[in-house]
Amino acid sequence: MEIQLLNQPLRGGADVDKNNSGEIKPNGGKDDSNPSETKPDDGKDDSNPSETKPDPIKAALEEGVTYVNVDKLMIAVPGKEFSILATEVTQELYESVMGENPSNFKGEKNLPVEQVSWYDAIVFCNELSKKCGLTPVYAVDGETEAKEWRYDSENKIIGTINQNENANGYRLPTVEEWRYAAKGGQDFKYSGSDNIDEVGWYSENSEDKTHPVAQKDPNGYGLYDMSGNVWEWSWVSNPGSCYNCGGSWYSNAMDCEIIVGETWNHPYSTLSGLGFRIVRSTGK
């Protein structure tokens with residue numbers, strides 16, 4: 001299957017206001033240019049050093065995250081022109097968009113969705129974009145309506161898949177974007193620590209299952225579970241070999257390392273240890 005990438009320059013933020021996008025910026029306190037914008041901080045109230053403020057990501061997850069308020073989990077990546085979901089796509093979020101939950105492990109709304117193919121992930125991105133009033137990123141033979149896409153007997157999408165870099169909708173991260181976000185501005189082996197048990201669910205601590213997102217420590221950008229829990233799909237120009245990043249609940253520790261932790265699967269593959277997270281281009 002032929003894949004074409006539309007190498008057009010990203011427009012200068014006509015559709016997205018970086019200082020008032022509902023996204024969280026990961027450098028503590030408030031943005032002086034926009035006093036109403038919230039950023040993750042160290043969990044302390046400056047006016048009362050002994051008072052601990054709730055983590056905004058965990059508070060949003062407890063409240064419930066669907067397509068209506070997904071922006072509460074989007075974090076602007078410093079130095080880059082994209083924002084990224086603070087967690088893997090949860091079953092609650094996926095079901096609110098797609099009307100179904102294909103996961104093997106169920107029972108808690110904030111478990112990561114799994115058993116989703118690369119094709120499922122790009123369909124989700126377009127459907128979420130539409131529900132949020134954004135321009136879909138992906139098209140097959142020029143068609144952005146996923147319900148019009150055709151599949152063969154192996155559940156492969158028939159036609160040429162394009163990614164529109166001018167679109168402001170949700171999409172999969174590239175491997176490079178994923179690695180940059182996973183490092184979190186730090187120099188650790190895993191995303192957020194040199195100790196995998198602090199930041200990830202893997203074969204030695206997972207009890208052979210996925211776990212609700214954001215239970216381990218985040219990295220320096222406030223991103224959770226980028227090492228372990230479920231592998232994450234990334235965007236590639238040739239989906240004959242689609243990369244998965246970060247390791248999963250059944251992976252060994254090495255496979256959860258930021259650089260080492262990459263493998264590939266066919267785009268139609270579905271596994272109980274394979275999910276995804278989403279990004280959005282934020283303009284210049």
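## Helix α4 and its end

Helices here are DSSP runs of H or I, at least four residues long, numbered from the N terminus. With that in hand, let's look at the predicted model, beginning where α4 stops: just after this helix, Gly184 takes a positive phi of about 60°.

Helix α4 itself covers residues 175-183, and its buried members are Val175, Glu177, Trp178, Ala181 and Ala182. Viewed down the axis of α4, these buried residues fall within an arc of 160°, so they line one face of the helix.

## What covers that face

β13 pairs with β14 in the antiparallel sense over two bridges, with Glu232 having Cys245 as its bridge partner in β14. β14 and β15 also run antiparallel, joined by four bridges; here Cys242 stands opposite Asn265 in β15.

## The nonpolar cores

The largest nonpolar core has 59 residues, of which Val89, Trp118, Phe124, Leu172, Phe276 and Ile278 touch the most other members. Helix α3 (residues 118-131) gives the most to this core, with eight residues. Another core lies apart from it, made of five residues, among them Tyr190, Ile196, Tyr202 and Cys256.

Which residues does Ile278 contact, leaving aside its neighbours within four places in sequence? They are Met74, Ser83, Ile84, Leu85, Val89, Phe124, Cys125, Leu128, Tyr170 and Arg171.

Terms used. Residues are numbered from 1 along each chain as its sequence is written. This is a predicted model: local features need pLDDT of at least 70, side-chain atom pairs count only at pLDDT 80 or more; totals for chains, interfaces and linings use all residues. Side-chain values use heavy atoms; hydrogens and water are left out. A nonpolar core is a set of buried Ala, Val, Leu, Ile, Met, Phe, Trp, Tyr and Cys residues joined through side-chain atoms within 4.5 Å. Buried means under 20% relative accessible area, exposed over 50%, partly exposed in between (1.4 Å probe, protein chains only). Contact means heavy atoms within 4.5 Å. The arc is that of the directions from the helix axis to the C-beta atoms. Two strands pair if DSSP finds at least two bridges between them.
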